[in-house]
Amino acid sequence: MDERQLRVLREVGELGSVTAAAEALLVTPSAISQQLRLLQRSMPVPLTERDGRRVVLTPAGRALAGAAADVESALARARHVVDDFVEQPDGEVSVAAFHSAAAAFFPRLLCIAPKVSLHDEDVPQDEFPALTREYDVVLAHRLDHASPWPRTVAVTPLLHEPLDVAVPVDHRLAAKRSLTPRDVAHEPWITVHDGFPLMATIEAIGAAANHRLELVHRVNEFTVVAELVAAGAGLALMPRWTAQRHPAVALRPLRDVHTRRHIDALYRPERAARQAVRTVLDELRHATAAVRN
């Protein structure tokens, strides 16, 4: 039994024939008859009977048709509730982000109309899409040469961010305007844990210099990384726009290796049906200009 079958039964009862019901519902008489047969299969007693050449409702059919009106009213109320929820401009929106994106974007989401619930999620690249089951919007990052996000998620691109080499301001390499893999290959390095996006770029630097980099510290949080670089613990790759600037750390572009990452907003397509989610996505897009400055 479904809503369409009940609607057909109700129309046949009110209009008095299959033909009249078909005309009212803009379908063929055979389609009406098929829906009646499907409904009858789920009922223990006959719902229709022949009255000459006409098909009419039995007492059980009339009782069910009366209940069908209540069902349609309840469904209409349910749809209205859903429509209100979808169009509500200030409904709560849950947003998750990896650390540097959270630091750059989260403060800008606090002053918009929808109430936002903010969460930090520092996960390997391939785990970001799964987070869209838990959150309305997920800020994720992937390197230029990495596989695109799966089709199961919708994507709003935000930034295509360079990754620069972080060196202490008094380091000899800070005097250069840009660096090559050979310049940095023999320095100690601070990098992320295995499985996180930046590791592929670290490996590419070593391959370009034909020298295996010495990885002395594994830290994912760029604020901590900046402090370690400033203290002379090693070099690191740091995002140009989303990481907090440190007065004792200089950022220098790296030549001859692709060192950019995509920062994207991921979400399940059905989540974007909500006005509040669309408002958050719009604000994230508008915020990118301020983040780049």
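The model is predicted: local features need pLDDT of at least 70, side-chain atom pairs count only at pLDDT 80 or more, and totals for chains, interfaces and linings use all residues. Residues are numbered from 1 along each chain as its sequence is written, and side-chain values use heavy atoms, with hydrogens and water left out.

**Salt bridges**

- The count comes to ten salt bridges. A salt bridge is a side-chain nitrogen of Lys or Arg within 4 Å of a carboxyl oxygen of Asp or Glu.
- R271 bridges to D136, with the closest N and O atoms 2.8 Å apart. R271 lies in the loop between β11 (260-267) and α9 (275-292), and D136 in the loop between β4 (116-120) and β5, so the pair ties together parts that are 135 residues apart in sequence.
- R271 and D136 are both buried. Buried means under 20% relative accessible area, exposed over 50%, and partly exposed in between (1.4 Å probe, protein chains only).
- D136, R271 and R274 are linked in a network of salt bridges.
- R10 pairs with E14, the closest N and O atoms being 3.3 Å apart. Both lie in helix α1 (residues 3-15), four residues apart, about one turn of the helix. Helices (H or I, at least four residues) and strands (E, at least two) are DSSP runs, numbered from the N terminus.
- R10 is partly exposed at 25% relative accessibility, while E14 is exposed at 56%.

**Buried charges without a salt bridge**

- D183 sits in helix α6 (residues 181-184). D183 is buried but has no salt bridge; K176, the nearest side chain of opposite charge, is 4.2 Å away. Lys and Arg count as positive and Asp and Glu as negative; His and the chain ends are not counted.
- The D183 side chain reaches the backbone nitrogen of T180 at 2.9 Å.
- R142 belongs to strand β5 (residues 137-143). R142 is also buried with no salt bridge, and its nearest side chain of opposite charge, D264, is 4.1 Å away.
- The R142 side chain reaches the backbone oxygen of A146 at 3.4 Å.

**A strand pairing**

- Strands β7 (residues 188-191) and β8 (residues 214-218) pair in the parallel sense over four bridges. Two strands pair if DSSP finds at least two bridges between them.
- Between β7 and β8 the chain passes through helix α7 (residues 198-209), and this β-α-β crossover is right-handed. Right-handed means that, with the strands pointing away from the viewer, the path from the first strand over the helix to the second runs clockwise.
- P188 has E214 in β8 as its bridge partner.

Notes:
Polar contact = N/O pair within 3.5 Å; in protein donor to acceptor, adjacent residues only side chain to side chain.
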